[in-house]
Amino acid sequence: MTRPASRCLLGIRYLTLLLLFVIPSTTAREQTCSATESDFFSDPALHTMAFDIGYGPQEIPAYVQPDVSTFYRLQPGERKPTTPKHNGWAAKFVNMSNKRVRLFWDPMNGGPGSLIANIEPYCAAGTASFPTHAFYMTPVDDESVRLASWAVSPPQSVYFYDPITVDGDEEATQRNLDRLSHEDFELYQRHVDNREFSKRYFEFTGREYLSFYPRARPSHKIWRADYFGQEHWVTTKETHFIAMPEESELGPVKEIGSQRILKESDPRILQQYRSPEPFLNLTLKVLSCAPRAFEIDNFLSQTEVDHIMYLTTGMKLHRSTTAGSNGQLSEEDLGRDSTRNTRTSLNTWVYREKDAIIDTIYRRSADLLRIDEALLRPRSKDELPQVKSKRSLAEALQLVHYDVGQEYTAHHDFGYANIYNEDQPARFATLLLYLNEGMDGGETQFPRWVNAHTRDGLDVVPKVGKAVLFYSQLPDGNMDDWSHHAALPVRRGEKWLMNLWVWDPSYET
């Protein structure tokens, strides 16, 4: 088929996106953590991948998972990875047509399917799945017509609905191409290129490409996780609150944009209620190398936890919903499916501007992530001009409550970006903040963590004030399928926590 000349600069666009969105740190920040710039941006898991999908030779840095032996500080080949008991993984479904379609999970019992997503033309949606799970697509206006059907089979994660290419019949394929408008042809060709690139990526890395080529490397830094128990440290001036301010001092944050900038020499907000030490030292300890997951003890003080729990007394909690598929469902669509019990918790949202303590949690999180705090709030026109959007890259804090029997089964936090947005915004990192302890059950589990000594998942036990950080993106910009995680059922007591989601390179809903 004819290739448009405008598609010959894919590799250049890949590099341009990377350079455009990399945000340099200040000198002060570089002196407040154990890692250097080289540690962050010269990741040893990145290897040069050479490929050609029809536009000439190209190269990108691609993530290749290190040998599991190195996670134990041993030489490669000394140990073998176990096969996890949990055999689920991401399933992504791509609509390569110019029509809107619906994606269903097929119960394979003759009954109606469960609606997963409405997928726009040339877009994608997905869900966590298991081997032999079946899915199908239909037109929006006739759910009795199956356009395509799939039975999920490892290691394949990405499934394409392609009504244009007719295998073994070039003439029929060309006739279908001729019917496309110029715009539709461009979009379809991008999917063809992405599919070809994905094959090369799998051959080189052993992983499916869950992003859409070309996607730049993350603009944010990613902490290295070279071996179990590895530790990094960060110092932050956002010290703990150790006494509760007067209620009259905890009103909403009214300053906007650059008015909220705090210089290194400035006192912190409500400094008189904080620990007298000038800095708070935070230690990140590697729990898992693949996915990269860390625990940070004492991220929150007891005073801060008490304040958050006090806020819950005036908030209405709602049934939690699942997110990440990027296939928009209406309230009517959600209401027709009574079988969706993957997430049974209750939640509400707490915005950064709620008060000074919540604002401090965001600032401390930014220091932990090595991100300018300005990126986690709306910004003035003159702030970080190299970043196109002035919108916050962080979502509101999600406050979640689990009662006995409630859970969130294994899932991913990332979704699949719209093809029309070349930056491909997606969730980048998740920070879990535990608000209570002592319950039976309720662990955060990473069921597919790569290790050589157990098939069981990695269970993180809630502890008051502890944080867990993990990444949804790999250092090369692909989504990390291994970031699969679950909130195990609470067997006795209750569980409270907060989630902070940070996006890269922008936040788009």
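## Salt bridges in a predicted model

The side chains of Glu238 and Arg274 form a salt bridge, with 3.2 Å from N to O. The two residues sit 36 residues apart, and their pairing links distant parts of the chain. Glu238 and Arg274 both lie in the loop between S10 and strand S11 (280-288). Both residues are buried. The model is predicted.

Side chains of opposite charge can pair when their charged atoms come close. The salt bridge count here is 29. Three of these pairs are set out below.

| Pair | Closest N to O distance |
|---|---|
| Arg207 and Asp480 | 2.9 Å |
| Arg377 and Glu373 | 3.1 Å |

**Arg207 and Asp480.** This salt bridge brings N and O atoms to 2.9 Å. Arg207 is in the loop between helix H5 (182-205) and strand S10 (231-236). Asp480 is in the loop between strand S21 (467-471) and strand S22 (485-487). The pair therefore ties together parts that are 273 residues apart in sequence. Arg207 and Asp480 are both buried.

**Arg377 and Glu373.** The closest N and O atoms of this salt bridge are 3.1 Å apart. Shared partners join Arg377 and Glu373 into one network of salt bridges. The network also includes Arg260, Arg352, Glu353, Asp359, Arg363 and Glu383.

Is Glu373 buried or exposed? Glu373 has 9% relative accessibility, so Glu373 counts as buried. Arg377 is buried as well, with a relative accessible area of 0%.

Key:
Residues numbered from 1 in each chain as written. Predicted model: local features only at pLDDT ≥ 70, side-chain atom pairs only at ≥ 80, totals over all residues. Heavy atoms only, no water. Salt bridge = Lys/Arg side-chain N within 4 Å of Asp/Glu carboxyl O. Helix = DSSP H or I, 4+ residues; strand = E, 2+ residues; numbered from the N terminus. Buried < 20%, exposed > 50% of the residue type's maximum accessible area, 1.4 Å probe, protein only.
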